[in-house]
Amino acid sequence: MNWIGLTDHDEGRFAPGGLGPVKGNDVGDMLDRGTLMIETRVAGDDRPHDLLGLVHSFPWARELAFRAVPGGGIAMVHKNHDDLTHAAIRWLGDGRPQTLRISYAWDTSQGWARLSLEQPESTRVLHSTVTNPRPILTSDLRDITLGSGARTLSKEVLFVAAATDITPLGPMPSLHPGTPIATPTGYRAAGNLRRGDTVISDAGQIIPVLQTVRHAMPARGSFAPVRLHAPYFELGRDIVVAPEQRLVLKGSEVEYIFGQEAVLVPARHLVNGYAASWVAPQSVAEYVQLVLPGHEAIMAAGAALESLYIGRLRRKPDHLAASVLSDVPRGLLPEHARPIHQVLRPFEAITLIDQRAA
């Protein structure tokens, strides 16, 4: 997959050959297959308004818009001349602001398109098939990401990115490929592990790797890399993870504050300038992760991190087909129960880290 466009409220980047280190051929004037991704903060009871919109009259009249709708949901309109493609998904929120990831993926050669909604903090995914999809002009994607022409970009939008392929939905990898993972023969880079290799869990058990997944994503929003600093979290060296990667934290402070042996903390909650920090802005971040039989925690440079949680994905053929594990036979995938440890909220994570630093 090649990401060719990326924008937020600070800057926009567009490269027909790809923004990442691996370049492809420049795309043509019309993109018959691709994904437009929007990450945004919206409230369930907000007024209807455009999150992202583009209107052009040359060389023909056309419009592309993604709108927040009251009650929690997203509507998409793509108009070419008198042809109209539209779809909507209802997302029942609780009225409080939340982060949503919107993905519009299309493949006009197959007569297929999909509008999807995800919440990065959870495993919840909703998607709807879109009828009558139309190609998107490459110049329109350029204008969207560079802010040219009659573009609308709401202040709630965290980033917008355009790719030349279909982006997977659901569980995503969250470790830098160079992350050292403990194995019976010593530490090995996460990106070099394969199915059939074994790793050491945080409980000291030797666990087989069932699958490995790898994907490149825009380095913004819920994919913006976080650097975890040694010696915090028992780290022997710094490592880089995605914001949603969860650490398993134990110790007397955990037991005293939360009354539990261990808790789970997303890396984004730990960013405070000394224990963890955001990595300098880049265009694309590549991540890998491991699928283990029981969703065991792995040891990464001395810290305990969650392996990839896939729940009961194997029981949902449509969701599996849209995921990073789409090429894996269902019979080779495990089923994961809910995590046994409490997942800390932001203020709880801050309290814990401050207590450890005291």
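His49 sits in strand 5. Strands here are DSSP runs (E, at least two residues), and they are numbered from the N terminus, as are helices (H or I, at least four residues). The model is predicted, so local features need pLDDT of at least 70 and side-chain atom pairs count only at pLDDT 80 or more, while totals for chains, interfaces and linings use all residues. Residues are numbered from 1 along each chain as its sequence is written, and side-chain values use heavy atoms, with hydrogens and water left out.

**Around His49**

Is His49 buried or exposed? His49 has 10% relative accessibility and counts as buried. Buried means under 20% relative accessible area, exposed means over 50%, and partly exposed lies in between (1.4 Å probe, protein chains only). The His49 side chain makes a polar contact with the side chain of Glu156, at 3.3 Å. A polar contact is a pair of N or O atoms within 3.5 Å; within protein, one must be able to donate a hydrogen and the other to accept it, and residues adjacent in sequence count only if both atoms are side-chain atoms. Residues up to four places away in sequence aside, His49 touches Phe66, Arg67, Ala68, Ser154 and Glu156. Contact means heavy atoms within 4.5 Å.

**Salt bridges**

How many salt bridges does the structure hold? There are 22 salt bridges. A salt bridge is a side-chain nitrogen of Lys or Arg within 4 Å of a carboxyl oxygen of Asp or Glu. The table lists some of them.

| Pair | N to O distance |
|---|---|
| Arg67 and Asp50 | 2.5 Å |
| Arg188 and Asp197 | 3.6 Å |
| Arg246 and Glu306 | 2.7 Å |

Take Arg67 and Asp50, which meet in a salt bridge. Arg67 lies in strand 6 (residues 62–68) and Asp50 in strand 5 (residues 49–56), so this pair ties together parts 17 residues apart in sequence. Arg67 is partly exposed, at a relative accessible area of 28%. Asp50 is also partly exposed, at 25%.

Arg188 is partly exposed too, with 31% relative accessibility.

Now take the salt bridge of Arg246 with Glu306. Arg246 belongs to strand 22 (residues 246–250) and Glu306 to strand 27 (residues 303–306), so the pair ties together parts that are 60 residues apart in sequence. Both Arg246 and Glu306 are buried. Elsewhere, salt bridges with shared partners join Asp8, Glu11, Arg13 and Arg220 into one network.

**A loop residue**

Gln119 lies in the loop between strand 10 (112–118) and strand 11 (125–129). At 18% relative accessibility, Gln119 counts as buried. Apart from neighbours within four places in sequence, Gln119 is in contact with Trp91, Gln98, Thr99, Leu100 and Arg124.
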